[in-house]
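Hi,

Here is the structure we talked about handing over. Please load it first; my notes follow.

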Amino acid sequence: MAKNTSIFECQTCGKTSKKWLGKCPECEAWDSFLELKEKEYKQLNSYKNNSKANAICIEDVQIESYERLDTLDEELNLVLGGGLVLGSLVLIGGSPGVGKSTLLLKIASNLAKNSHKVLYVSAEESKSQIKLRANRLDANSKNLFLLSELCLEDVLEELNKDKYEILIIDSIQTMYSQNINSAAGSVSQVRELTFELMKISKARNISTFIIGHITKDGAIAGPRVLEHMVDVVLYFEGDVDKELRLLRGFKNRFGSTSEVGIFEMSAKGLVSAKNLSSKFFTKGKISSGSALTAVMEGSRALIVEIQALVCESSYPKRSSTGYDRNRLDMLLALLEKKLGIGLSHFDVFINVSGGVKISETAADLAVVAAIISSFKNRPLSKEAIFIGELSLNGEIREVFNLETRLKEAKMQNFKNAIVPSKAFELDGIKCFVSTELAQMLEWM
């Protein structure tokens, strides 16, 4: 008698084992291993391409040209690299309520109004609920079709009935396939769904959007293979209580991942932000503890406001929102070492306005200026902008794209800029060169 083949799979990260484990050695999740039945085990090993491919000299390879569709949304086109590529799989993740479904319904309407046939599949909402949102967004079109379905096989059957060009799945974790006996949202289900969607998208040249839930750590729920199988991975960021949303690209086989789309939540849903440069800082009088800087988001510069609060405390705390906490600790140590400003008995809170998350070091100078301003209760000039990276020895180092940052500052009517060099000087904005932290303090 043949021995039954069994395998156990972690439902958090997808790691497999020949025996049951209480704790996953990969993701350290407890009690996450489930036994796969023989049918499911065979399904895992059936994803093999039987067609043999021959090697070819790289000089003989012909470069393929990708046909792109205009989504009629400048911000989304920018993040996608110029438009939606035919036959591509786009995965969009984001926290609940951030506006993923709202954005994709609007994009579906744009494509439908541009004579493309769109199938919007929702496993979470009824057709009536989607219709109510479509009325609010003015997203009704004769080429937009709704399907409220949980089963993948029923979705594929609908795709066979008509020639759809765009497919939207909302969401991948709530759907299931009849070929897998595990629950919806499990690793096996997500892998099977993505594989089948990838096959039909490539075979029929259907552009597919997939909405994915995220975990509490901010990563897309499900196995990492989900992100490897798709062509584009986008993350929707933003506070649900604020109007601005950021759409970042983390993977793009057809373009750059450095671009960021900025949207604004309005009464008619998510729209591309207009005059976005002035939405990340307060115009007019600036109170103590605020400093302005220019950060690069993709190919464009944004003027953002760094807010700092320093107050005496018996149990000092350090907190930062939108700025790296470890780098904040380094800057505080630098202030004490080089300027003699000891904050060991003070609470220090840093906040980047507008929900922007700063990952570059060009904002170091503005963070230090905001901290000193709050500590001394002395407002900074509302016409000044701080740009520069701080090293551990107190030097202010140059940053990339300084000319682009200064041009944006000039457009926003700033008169002064504290910068590490005068390599790019523009008419209408005066540059004050500071090569050391002490020089910046003298200017303040």
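Buried means under 20% relative accessible area, exposed over 50%, and partly exposed in between (1.4 Å probe, protein chains only). At 0%, Cys151 is buried. Cys57 is partly exposed at 38%.

This is a predicted model: local features need pLDDT of at least 70, side-chain atom pairs count only at pLDDT 80 or more, and totals for chains, interfaces and linings use all residues. Residues are numbered from 1 along each chain as its sequence is written, and side-chain values use heavy atoms, with hydrogens and water left out.

Disulfides: the count is 0. The criterion is a pair of cysteine sulfur atoms within 2.5 Å.

Now the sheet. Helices (H or I, at least four residues) and strands (E, at least two) are DSSP runs, numbered from the N terminus. Two strands pair if DSSP finds at least two bridges between them. An open sheet of 4 strands runs in the order 15-16-18-17, with mixed pairing. Strand 15 (290-297) and strand 17 (318-321) are its edges, each pairing on one side only. Neighbouring strands are turned by 20° on average, direction ignored. Axes are lines fitted to C-alpha atoms, for helices over the stretch in contact; angles run from 0 to 180 degrees between N-to-C directions.

Strand 15 pairs antiparallel with strand 16 (residues 300-312) over 8 bridges. Glu297 has Arg300 of strand 16 as its bridge partner. Helix 10 (residues 402-411) packs on the sheet and touches strand 15 and strand 16, at about 80° to strand 16. Contact means heavy atoms within 4.5 Å. Helix 8 (residues 325-339) lies across strand 17 and strand 18 (346-352), at about 130° to strand 17.

Best wishes
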